[in-house]
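Here is a structure to question term by term.

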Amino acid sequence: MKNNEIILIKIGEIALKGLNRRMFEDVLKKNIKRKLKKIGDFKIKYAQSTMYIVPKDEDADIEKAVEALKKVFGISAFAKAIEAKKDIDDINQKTVEYLKEELSGCKTFKVEAKRSDKSFMMKSPEICAVCGANILENFKNLAVDVHNPDVVVTVEIRDFGAYIRGSKIKGAGGLPVGTGGKSTILISGGIDSPVAAWMMAKRGVKLNAVHFASPPYTSQRALKKVVDLLEKIAPYTGAMKMYCVEFTRIQEKIQECCPEELFTIIMRRLMMTIAEKIAIKTESKALITGESLGQVASQTIDAMVCTDQAVSMPVFRPLIGMDKEEIVSISRQIDTFELSIQPYEDCCTVFTPKHPKLKPVLKYVKRAQEEVDWSELIDQAIDECEVIKIGYDKKQ
């Protein structure tokens with residue numbers, strides 16, 4: 001920690017929440033506190049649409065805090081800053097000292113001033129002019145560019161102090177995890193479902209996960225890949241539990257008793273039934289999948305209608321209108337892509353029919369499925385499922 005640095009956080013979308021705003025702020029504060037717990041002792045306070053992260057001692061690592069805050073949903077932007085007296089001479093002196101490294105390494109800058117304390121003797125344009133002249137005097141390498149500067153120096157005059165900061169850091173955006181209820185994601189080892197989980201967490205949804213494995217057709221390496229994918233997104237989504245369901249007996253029964261062209265759609269319906277039962281037990285309100293319209297045979301409108309009819313719970317598909325390139329772009333952003341393309345087995349590819357039905361008709365699908373009493377196999381799969389904790393502290 002240097003120069004008594006603090007972090008100023010802008011809350012973005014939360015500011016529009018009206019009478020519910022306090023609830024969103026409280027959840028965000030709790031999430032930030034949990035995220036920073038391992039990094040050091042920080043005080044968190046909120047005032048005038050800004051959250052202040054203040055180190056309580058010299059062991060609190062500001063740089064590590066910055067990296068952690070990049071993965072907290074609900075933060076639109078943030079910046080390291082220092083506090084100055086509400087005196088223009090002190091502001092000028094601390095601006096030069098604090099931003100020396102940043103200003104020495106660029107060519108252009110501009111000053112922005114925000115004066116919420118109207119009793120301060122200078123108005124915002126005057127603050128900009130005086131601080132800008134001071135910077136030009138001390139940094140001969142710089143020129144003013146009000147349109148596209150390399151660095152924006154911001155001076156904020158607030159009721160309880162003056163703050164100086166340099167460039168903003170982009171936040172994760174969205175809403176704090178926990179404000180959007182709880183849902184269960186059907187997670188595979190592919191590219192799509194981790195992205196779907198991340199996107200729903202960005203809307204404030206707390207997650208559980210259900211994964212279907214088919215040993216011996218799928219291996220322990222394939223299961224570890226899924227756990228590793230969830231560990232990648234857990235810094236964004238928060239801790240979750242993954243329910244690993246052994247699906248082999250059900251898939252073998254599908255192969256034995258159902259028409260081949262309907263293997264995939266019946267398999268998906270049974271997956272949804274199992275996921276819904278787990279979701280109800282864990283107090284989830286909806287299911288989430290990584291489906292994108294038209295991407296594979298089981299993701300046509302007709303197939304998804306048949307799938308949804310297997311459950312009464314809402315099914316969210318955040319990727320439904322996205323193409324593969326858009327999904328891959330997000331997977332790279334959240335660092336899951338390289339893991340996702342590792343060539344391990346996936347239970348969805350076990351017993352894949354040569355010619356799956358692209359436009360299944362619900363009444364024929366239900367008729368074929370009802371030829372077998374699945375209840376015992378479903379209950380057995382749920383009773384025997386393994387629960388794996390993702391992103392929890394070791395003590396939890």
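Q: What makes Lys389 count as lying over the face of Tyr392?
A: Lys389 is 5.4 Å from the ring centre of Tyr392. A charge sits over a ring if NZ of Lys or CZ of Arg is within 6 Å of the ring centre and within 35 degrees of the ring normal. Lys389 therefore qualifies, as it lies over the face of Tyr392.

Q: How do you know that the charged end of Arg332 sits over the ring of Phe337?
A: The distance from the centre of the Phe337 ring is 4.0 Å. That is within the limit for a charge over a ring.

Q: What kind of model is this, and what are its limits?
A: It is a predicted model, in which local features need pLDDT of at least 70 and side-chain atom pairs count only at pLDDT 80 or more, while totals for chains, interfaces and linings use all residues. Residues are numbered from 1 along each chain as its sequence is written, and side-chain values use heavy atoms, with hydrogens and water left out.

Q: Why is the pair of Tyr52 and Phe160 called an aromatic pair, and what is its geometry?
A: The rings of Tyr52 and Phe160 are 5.5 Å centre to centre, with 70° between the planes. Rings of Phe, Tyr and Trp (its six-membered ring) pair if their centres lie within 6.5 Å; planes under 30 degrees apart count as stacked, over 60 as edge-to-face and the rest as tilted. So Tyr52 and Phe160 form an edge-to-face pair.

Q: What makes this pair a tie between separate parts of the sequence?
A: Tyr52 lies in strand 3 (residues 50-55), and Phe160 in the loop between strand 7 (151-158) and strand 8 (161-165), so the pair ties together parts 108 residues apart in sequence. Helices (H or I, at least four residues) and strands (E, at least two) are DSSP runs, numbered from the N terminus. Ring pairs also link Tyr52, Phe160 and Tyr163 into a cluster.

Q: Is Tyr52 buried or exposed, and how is that decided?
A: Tyr52 has 1% relative accessibility. Buried means under 20% relative accessible area, exposed over 50%, partly exposed in between (1.4 Å probe, protein chains only). Tyr52 is therefore buried. Phe160, with 36%, is partly exposed.

Q: Why is the pair of Phe73 and Trp198 called edge-to-face?
A: The planes of Phe73 and Trp198 are 65° apart, and the centres 5.7 Å. Phe73 is in the loop between helix 2 (62-69) and strand 4 (77-84), and Trp198 is in helix 6, 125 residues apart. Phe73 is buried at 2%, and Trp198 is buried at 5%.

Q: Where is Asp335, and why is Asp335 called partly exposed?
A: Asp335 is in the loop between helix 11 (324-333) and helix 12 (337-340). Its relative accessibility is 42%, so Asp335 falls in the partly exposed range. Asp335 also has a positive phi, about 65°, although it is not a glycine.

Q: How do you know that strand 11 and strand 12 pair?
A: Strand 11 (residues 206-213) and strand 12 (residues 240-246) share five bridges, in the parallel sense. Two strands pair if DSSP finds at least two bridges between them. Strands 11 and 12 therefore pair. Val210 has Tyr243 in strand 12 as its bridge partner.

Q: What makes strands 14 and 15 edge strands?
A: The open sheet has six strands in the order 14-13-10-11-12-15, with mixed pairing. Strand 14 (315-316) and strand 15 (386-390) each pair on one side only.

Q: What is the peptide bond from Pro215 to Pro216 called, and where is Pro216?
A: The bond is cis, with omega near 5°. Pro216 is in the loop between strand 11 and helix 7.
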